[in-house]
Structure formats: C-alpha cells, structure tokens
Amino acid sequence: MNISEKIEQSVIKGAFESYGVQLAKVEFVPTRNDFEGDTTVVVFSMLKLIKDNPEQIGQTLGQYLVDALEEIKSFNVVKGFLNISFTDAYFLHTFTTTYTQTHFGFATPNSKEAVVVEYSSPNTNKPLHLGHVRNNLLGYAVAKILEASGRKVYKTQIINDRGIHICKSMLSWKKFGNKETPESTGLKGDSLVGKYYVAFDKVYKEEISAMLAQGISLETAEKEAPILMEAQKMLRLWESGDPETVSLWKTMNAWVYKGFEETYKRLGVSFDSYYYESDTYLLGKDVVAQGIENGVFFKREDGSVWIDLTDDGLDEKIVLRSDGTAVYMTQDIGTAIQRVADFPDVSGMVYTVGNEQDYHFKVLFLILKKLGFSWAQQLFHLSYGMVDLPSGKMKSREGTVVDADDLITEMADTAASISEDLGKLTGYTTAEKQSLFQMIGLGALKYYILKVDPKKRILFDPKESVDFQGNTGPFIQYTYARIQSILRKANFDTSLIPSFDGEESFLHEKEVALLKQLFLFPETVQLAAQNYSPALIANYTYDLVKEFNSFYQNVSILGESNEDLKIFRVALSKKVAQVIQDSFGLLGIEVPERM
RNA sequence: AGCCUCAUAGUUCAACGGAUAGAAUAGAAGUUUCCUAAACUUUAGAUCCAGGUUCGAUUCCUGGUGAGGCUACCA
C-alpha cells in the first residue's frame with residue numbers, strides 16, 4: 001500500500017470517527033511550492049457530507065493523521081487545503097526500497113494486454129520529411145511507453161507502395177531518368193525517386209499552363225494533361241500485372257526501402273513487422289460481401305456498396321466502388337482483421353496517423369464495431385497535429401519540405417559547433433565525437449517534437465534552429481552526463497543506503513523536493529500510457545532534471561564531510577540518472593557519458 | 001454550408017475542476033579559486049470575447065471571434 005492509499009484510508013476513518021460520515025474517496029492535489037507540505041488533501045469536496053467549516057475539518061483530520069500514521073510529521077491548513085508533511089524517515093525508506101530496482105517505474109509485463117502500434121506508414125514516392133519524423137517519433141515513443149506500462153507491443157507499419165503516386169515517379173524516371181540509379185548518382189534511393197516525383201509535377205504544371213493558353217478549362221486541363229493520362233495508363237498496366245511495369249515498380253520501391261531503412265536507423269526507430277498495401281489492398285472485400293448479408297452494408301443499383309452512418313451523426317460512406325474495386329476504407333477494414341489474425345494475443349490497436357484523417361478513423365472504428373468485432377472497442381487513433389512551416393503547409397510537390405535526413409544532419413552539425421566551442425571533449429576520438437554530436441542533435445530534435453502535446457500542431461521555423469538550452473533535450477542529456485562524472489569520481493561503496501538511525505531530520509529541502517519528483521515516475525508512466533502521450537514523460541523528465549540541478553548547485557555531494565550523507569547523495573544522484581536514462585529511453589533519446 | 005480540433009507572457013510550451021496560472025526563451029541583475037556555467041539564483045511579463053454550471057473554471061456547457069483540418073467511386 002502506498003502512502004496516498006494509507007492517507008486516504010486514514011482520512012476516511014478519521015471522518016467517520018469524528019463526524020460519523022462515510023466518505024467515498026479522498027481528493028489529493030500536489031502541494032504548491034509556496035506552502036509547506038508534501039501532499040495536500042482537498043477538504044472542499046467533503047463539505048456536502050460534513051457540516052463544518054473547511055478550516056476546522058482540516059484541523060481535525062490533520063491531527064487525526066499525525067496521530068494515526070508514523071510517516072506524517074506535521075500538517076497545516078490553509079483555506080480548506082490540508083497540507084501534509086512526511087518525515088525524513090519515510091522519504092529515506094521509500095528511496096531505499098526503490099534504489100535497487102533496475103527499471104524503477106516500469107510495470108511488470110502482462111502479456112494478455114498485447115497491442116499493435118502502427119506508425120510511419122509512408123508513401124514510396126519520396127523521402128521522409130519532418131511530418132514523418134513527428135509520426136515516427138510519436139509512434140515509437142508510444143510503443144515504448146505502452147511496453148513500460150506492462151503491455152506487450154507489436155510495432156508495425158503499412159507501406160503505401162501502390163497507386164498513382166508511385167506511377168508518377170516511375171513514369172518520370174522512365175522519361176527523363178537516363179537510367180540513373182542510386183549507385184550511379186550517389187543519391188539515397190528515396191531521394192532519387194523523390195527527385196523524379198518533383199520532375200513529374202513540373203511537367204504536369206507546364207502542360208496545364210499550355211492547355212490553359214489554348215482555352216481549355218482548368219478543370220479539364222488538370223484531369224487530362226497528357227503526362228497524367230500516361231501515369232494512369234501505367235497504373236492500369238501495373239494492376240494488370242504487366243511484367244515490365246511490375247519490374248520497374250519493384251526496382252524503384254527497393255531503392256526507396258533501402259533509403260527509408262537508413263533514415264529509420266538514424267532516427268532510432270524500428271518495426272516488428274511490415275504490411276504492404278500491394279498485398280492488402282484486396283483484403284476486406286470478403287468482409288464487405290458478408291456485411292451485405294448481415295445488413296451492415298447496402299448495395300446501390302450501380303453496384304457500389306455503402307454504409308449508412310447517419311444515425312451516428314456521420315454520413316453515408318462508400319466501402320466498395322461500382323466496378324467492384326476496393327477503396328481505402330475497404331483495405332483498412334481488411335488489414336485490421338488480418339492483423340488480429342496475425343497476432344492472436346492482440347486486444348487493441350493504435351494507429352499513428354495525422355489529424356487530417358480523424359474522420360476516416362472515426363468511420364473505420366464504427367464500421368468494425370458494427371461488424372461485431374469485440375476488439376473494435378479497443379482501437380485508438382493516435383491523432384497528431386501537422387508540422388507547419390511559417391510559410392504554411394509543407395508540400396513535397398512544391399519542394400517546400402524539410403527533409404528528414406537533411407534535418408538530422410543539420411542538428412548534428414549544430415551540436416558539433418556548440419560542443420567544439422565549449423571544448424570539454426578532450427581525449428575523445430573523432431568517431432566518438434561524431435556519434436556524440438549525432439546523439440545530442442537528435443536529442444534536441446526529438447525532445448523538441450515530443451514535449452508538445454501530440455494533438456497540437458507544431459510550427460517549425462527552419463531559420464530559428466531548435467534550442468539547446470533551457471527546456472531541451474541537450475539540457476537533460478547534460479545533467480545525465482554531469483551525474484556520470486560524479487559517479488566516476490565516487491569510488492566508494494554506494495550499494496547500501498545509510499539508515500540515519502535516531503536522527504529525525506537529516507534531509508536537505510532540495511533532497512526532499514528531488515525525492516518527491518523521483519517518486520512520481522511510476523504514475524507518470526501509467527498516465528502517459530493511458531493518454532498515449534510522450535509529452536507527459538518529457539515534461540516529467542524536465543521537472544526532475546530542474547530539481548536535480550537545483551540540488552546540485554545548492555548542496556555539495558562529493559564535498560560533504562558526513563560520510564552517510566555523502567553516500568546517500570551519490571546514491572540519489574545515481575537513481576536520478578537511471579530514471580533520466582529510462583524515461584529518455586521511452587522517448588527514444590540516448591544519453592551520453594560526457595558532453 | 002455542415003462537422004472536427006485548437007486558442008495561455010513578445011515567442012515556444014505546462015497546468016486529474018483546486019490555493020497567488022507554472023517553465024523555457026528573448027529582456028534586466030547577479031553566481032566560477034567549489035562535484036561539467038549546455039548550469040544555478042533574483043527580476044518583469046499571459047488565460048480570445050460574452051454568458052452559464054460550481055464552494056471554486058485556463059479546464060465543463062452555450063453563443064460569438066480567429067486559426068487549421070475534414071466533408072472524393074483519391075490515398
């Protein structure tokens with residue numbers, strides 16, 4: 001039983017003994033810094049049951065708690081807030097029991113609660129950009145957080161490898177590519193393919209302009225530009241299995257995959273399985289057929305199949321075209337069912353997809369529920385805001401994108417120049433430095449993106465580089481490195497925490513503040529998992545590090561003459577470092593030994 | 001037009017319905033014979049507007065205003 005539960009029970013008991021009232025629960029709130037105390041009980045909510053003034057109730061219950069629980073040192077009441085202070089012995093005891101836990105705060109795995117986390121899911125016609133970076137970081141972090149909260153997680157993605165977009169790149173390469181390859185040009189495969197996607201669009205626009213000059217309407221021109229017609233012809237060839245087209249498709253997709261893998265590796269994300277749209281786009285058609293029989297779907301005269309969601313406040317939605325071909329929704333229905341079949345222990349799924357598809361997922365989840373799948377209750381759309389530039393939305397066709405690879409390189413360069421200026425890396429080899437700069441640069445970028453609530457949109461200004469000072473990844477990495485420096489110098493045994501027997505007061509206020517923040521980690525992990533929010537982990541870690549730095553600056557650790565205190569402080573620092581490492585691990589951010 | 005999301009210091013972000021709305025950054029002022037100054041300590045500065053529910057509202061409800069998104073037999 002933790003301390004909050006103990007206090008709750010005592011308050012309930014105290015209220016019953018003093019007032020004859022049975023409280024259902026007790027409301028806690030963190031004690032504000034301006035007041036003395038370590039936790040606060042809100043008395044106001046009891047007023048409906050207890051007929052007394054809040055001040056008096058607080059006094060009565062506070063006294064009851066001090067008498068009942070040895071962990072409680074004192075209390076004070078301010079305007080109906082009962083502030084409670086714990087004894088140093090309580091803090092020390094709690095610290096001692098958590099000290100030896102290797103991943104303090106992580107729940108023990110429960111394999112029954114398996115979940116699929118889908119993220120990334122790119123198109124194969126262009127390189128990854130900043131928007132994908134947010135997707136990847138979020139998806140990966142949420143997967144790690146769910147794991148830490150005790151669930152079994154399968155990370156997966158569906159690759160959009162088929163459709164008109166890749167045909168555009170293919171056609172453009174065929175026409176203007178001069179048989180270029182990643183090898184012949186030295187370009188990453190995804191960049192090379194993306195180059196021809198942009199080239200396609202250039203010609204397409206030129207053709208439209210020419211047609212407009214001939215007096216053709218914009219609408220017609222957009223639909224009937226020759227190069228577009230040619231791309232559509234190519235898509236039909238692909239669908240009919242034309243060997244040459246399929247072969248080119250395979251070649252160019254392979255280039256892209258190789259490029260993606262490099263970027264994933266640099267970003268530090270990974271997947272347990274991959275789904276390809278070319279394999280799954282026909283899935284779901286059988287389900288649609290069954291759904292018609294069950295009356296979930298209905299067929300129009302032209303042969304198209306629909307679902308009527310007007311009773312649920314949505315509209316009618318098509319699930320199969322009149323020519324019998326699948327739409328996106330059909331395939332998503334099929335893929336969801338396929339995944340549950342592939343991972344039999346799975347009871348839920350998380351889809352990491354931008355908020356422009358909120359409506360799509362609302363409809364998808366509703367359809368799956370109507371089809372009667374029990375797991376359909378456990379689907380979550382991890383919807384996140386777009387990453388916009390000051391000039392507006394990123395558009396790959398117009399070249400206004402922040403390329404993921406370029407961005408990572410720039411971040412590492414910035415880290416390098418700051419580091420070299422500070423000049424703390426004597427003795428490091430060039431290779432060690434390179435890897436450190438990459439770690440710091442990525443730390444800055446990842447933290448910058450993950451500390452923001454996923455559902456909010458991010459405005460990214462490439463001119464104002466991501467910060468390395470203040471509430472940033474490098475600040476937290478720096479604190480970790482500082483602690484490592486202390487640990488390297490502390491060549492004495494810290495495996496046993498001193499007991500401070502017979503001493504009532506031995507903790508510095510900075511130590512108390514730090515311990516309180518440390519103890520919040522387990523519930524923060526659970527909260528982050530429940531809310532699918534890496535931002536909660538990021539903000540927690542920042543608060544912990546702020547608290548540590550204040551402690552570090554105000555309290556001497558290795559310089560402390562009292563041996564017991566010195567050992568305790570080193571142990572406390574060590575635990576803080578472990579939690580920084582673990583929490584940053586949940587965000588996919590590494591921490592350095594030195595920086 | 002309908003539906004969805006968002007709106008907090010100059011800027012970027014916080015705040016289970018709780019106390020005097022927290023940080024960072026930019027601004028002002030300090031801290032290095034001392035464990036890494038990418039740090040610490042002061043300081044000034046904000047809840048879009050109008051109602052409502054509540055002991056208590058940045059948070060919940062209604063109506064405005066502003067920004068973004070979605071309303072394809074595209075993916």
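Me: Before we look at sheets, what makes two strands count as a pair?

Reply: Two strands pair if DSSP finds at least two bridges between them. Keep in mind that this is a predicted model. Here, strand E9 (residues 305-308) and E10 pair in the antiparallel sense over 4 bridges. Within that pairing, Trp306 stands opposite Ile318 in E10.

Me: OK, and what is the strand order in the sheet that holds E9 and E10?

Reply: The order is E8-E9-E10, an open sheet of 3 strands with antiparallel pairing. Strand E8 (298-299) and strand E10 (316-320) sit at the edges with a single partner strand each, so one side of each has no neighbour in the sheet. Helix H12 (residues 285-294) packs on this sheet and touches E8, E9 and E10. The direction of H12 makes about 125° with that of E10.

Me: Which way do E2 and E4 run, parallel or antiparallel?

Reply: They run antiparallel, joined by 4 bridges. E2 also runs antiparallel to E1, with 2 bridges between them. Look at Thr40: it is the bridge partner of Val29, and Thr40 also stands opposite Asn83 in E4.

Me: How should I read the nonpolar core?

Reply: In soluble globular proteins, nonpolar side chains tend to be buried together. The largest nonpolar core in this model has 137 residues, and Val142, Ile145, Val576 and Ile580 touch the most other members. Take Val142: leaving out residues up to four places away in sequence, it touches Val117, Val350, Leu382, Tyr532 and Pro534.

Me: What about the backbone of Tyr532: what is its phi?

Reply: Most residues other than glycine have a negative phi. Tyr532 has a positive phi of about 50° although it is not a glycine. Tyr532 lies in the loop between helix H19 (521-531) and H20. Tyr532 counts as buried because 23 other C-beta atoms lie within 10 Å, and the cut-off is 20 or more.

Me: And Ser121, where does that one lie?

Reply: Ser121 is in the loop between strand E5 (110-118) and helix H4 (130-148). Ser121 has a positive phi too, about 40°, and is not a glycine. Ser121 has 19 other C-beta atoms within 10 Å, so it is partly exposed.

How values were computed. Residues are numbered from 1 along each chain as its sequence is written. Chains are lettered from A and ligands numbered from 1 in the order in which they are written. This is a predicted model: local features need pLDDT of at least 70, side-chain atom pairs count only at pLDDT 80 or more; totals for chains, interfaces and linings use all residues. A nonpolar core is a set of buried Ala, Val, Leu, Ile, Met, Phe, Trp, Tyr and Cys residues joined through C-beta atoms within 7 Å. A residue is buried if 20 or more other C-beta atoms lie within 10 Å of its own, exposed if 12 or fewer, and partly exposed in between; C-beta atoms are placed from the backbone. Two residues are in contact if their C-beta atoms, placed from the backbone, lie within 7 Å. Axes are lines fitted to C-alpha atoms, for helices over the stretch in contact, and angles run from 0 to 180 degrees between N-to-C directions.
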